[in-house]
Amino acid sequence: VTFRFNSYGNLILLPVVVNDSISVNLILDTGCRNILLFGKRFEKLFKVEPYQKIRVGGLGEGRPLHGKVYLENKISMHEVIGEKIPIVVVASQSLFAKNSNVHGIIGYDILIKFEIEFNLITQLITFRRAATAEMSSEYDRIPLKIEDCRPVIVSTIFFNGRERHESDLTLDTGSALGLLLKTTDAKKFFNGMPKKILGYGLNGNVIGSEAMTEKIILETFEILRPMMAGITLSAYHNYGSVGMEIMKDYAVVLNYCKSYAGFKRL
């Protein structure tokens with residue numbers, strides 16, 4: 001199934017219908033586990049009481065959000081249909097309060113069933129059955145690891161005037177940034193470097209520093225493009241993400257079931 005999507009910045013905005021009656025626009029976010037809807041009004045549209053309340057974690061310096069889980073939902077995007085899908089409703093509109101056309105996020109629940117191929121220039125996305133899909137030979141094939149529902153690639157980052165940095169990088173379609181690193185090594189990356197707001201996450205401002213890179217190698221696929229990498233300090237993580245500022249220059253294929261990604265320069 002192929003259809004056209006809208007964009008929110010460089011992010012992919014998919015038209016989704018919930019339970020045959022609730023029409024929403026959701027950002028495709030490979031860093032997200034469940035469907036999230038933002039806004040208290042959505043709580044009134046579900047007929048059953050929530051089974052449980054959960055904490056919704058994400059990037060940012062603010063407090064974590066909390067949501068209510070509603071089970072056994074049907075979702076559809078054109079001919080693509082998912083059944084018995086959990087949905088988390090977060091009362092706060094938070095990140096999307098300024099854009100009434102963006103209602104939430106969709107991620108792993110749909111990605112585990114389908115291979116997806118998207119192209120930000122044509123604004124077309126294709127869904128195929130993941131288990132039987134075969135990627136075109138026009139694409140460079142890159143092996144994936146699926147860790148905590150995220151597509152991760154073993155990668156090497158080359159910084160200007162510094163030694164190279166080995167890191168697992170998530171292909172994060174929910175990030176408008178190019179390259180973001182989360183590190184525990186304050187001395188290596190923050191010695192004398194000014195801090196600034198790098199972007200905005202579900203939990204508020206993402207604070208950190210920037211450093212110029214020469215290139216990134218995703219397993220064996222080389223992206224030779226100088227760019228500023230955002231670097232944020234975290235006491236618990238040593239990994240990073242490649243966002244849509246980079247992926248917008250490529251047609252991209254993701255197949256969680258067969259553990260591969262594909263890149264084709266546009």
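Visitor: Where does E43 lie?

Guide: E43 lies in the loop between β5 (35-38) and β6. Strands here are DSSP runs of E with at least two residues, helices are runs of H or I with at least four, and both are numbered from the N terminus. The model is predicted, so local features need pLDDT of at least 70 and side-chain atom pairs count only at pLDDT 80 or more, while totals for chains, interfaces and linings use all residues. Residues are numbered from 1 along each chain as its sequence is written, and side-chain values use heavy atoms, with hydrogens and water left out.

Visitor: Is E43 buried or exposed?

Guide: Buried means under 20% relative accessible area, exposed over 50%, and partly exposed in between, with a 1.4 Å probe and protein chains only. E43 counts as buried, at 15% relative accessibility.

Visitor: Which residues does E43 touch?

Guide: A contact means heavy atoms within 4.5 Å. Leaving aside residues up to four places away in sequence, E43 touches K68, Y70, V89 and A91.

Visitor: How is strand pairing read, and which strands does β7 join?

Guide: Two strands pair if DSSP finds at least two bridges between them. Strand β7 (residues 65-77) runs antiparallel to strand β3 (residues 11-18), with two bridges. β6 and β7 are also antiparallel, joined by five bridges, and eight bridges join β7 to β8, again antiparallel. As examples of partners in β7, V18 has I75 and R55 has H66. On the β8 side, M77 stands opposite V80.

Visitor: What is found in the turn between β7 and β8?

Guide: Most residues other than glycine have a negative phi, and most peptide bonds are trans. The hairpin of β7 and β8 has two residues between the strands, and H78 in the turn has a positive phi of about 55°.

Visitor: Where is D148, and what is its phi?

Guide: D148 is in the loop between β13 and β14. Its phi is positive, about 50°, although D148 is not a glycine. The hairpin of β13 and β14 has two residues between the strands. D148 is exposed, at a relative accessible area of 55%.

Visitor: Why is β14 described as largely enclosed?

Guide: Nine of the ten residues of strand β14 (residues 150-159) are buried, so the strand is largely enclosed by the rest of the structure.

Visitor: Which strands pair with β14?

Guide: Strand β13 (residues 145-147) is joined to β14 by three bridges and runs antiparallel to it. Strand β15 (residues 165-171) pairs with β14 in the antiparallel sense over six bridges. Strand β18 (residues 204-218) is antiparallel to β14 as well, with five bridges. V152 in β14 stands opposite K145, and V152 also stands opposite T170 in β15. S155 stands opposite L218 in β18.

Visitor: What surrounds N25?

Guide: N25 is in strand β4 (residues 22-28) and counts as buried at 16% relative accessibility. Not counting residues up to four places away in sequence, N25 touches L13, L14, P15, N101, V102, H103 and G104.

Visitor: Which residues lie nearest the centre of the largest pocket?

Guide: On a 1 Å grid over the protein atoms alone, a pocket is an open set of points where a 1.4 Å probe fits, with protein on both sides within 12 Å along at least five of seven lines; lining residues have an atom within 4 Å of a point. The largest pocket is lined by 44 residues, of which D29, G58, L59, D172 and L202 lie nearest its centre. The elements giving two or more residues to this lining are β6 (52-56), β16 (179-183), β17 (196-201) and β21 (239-242). The largest share, four residues, comes from β17.
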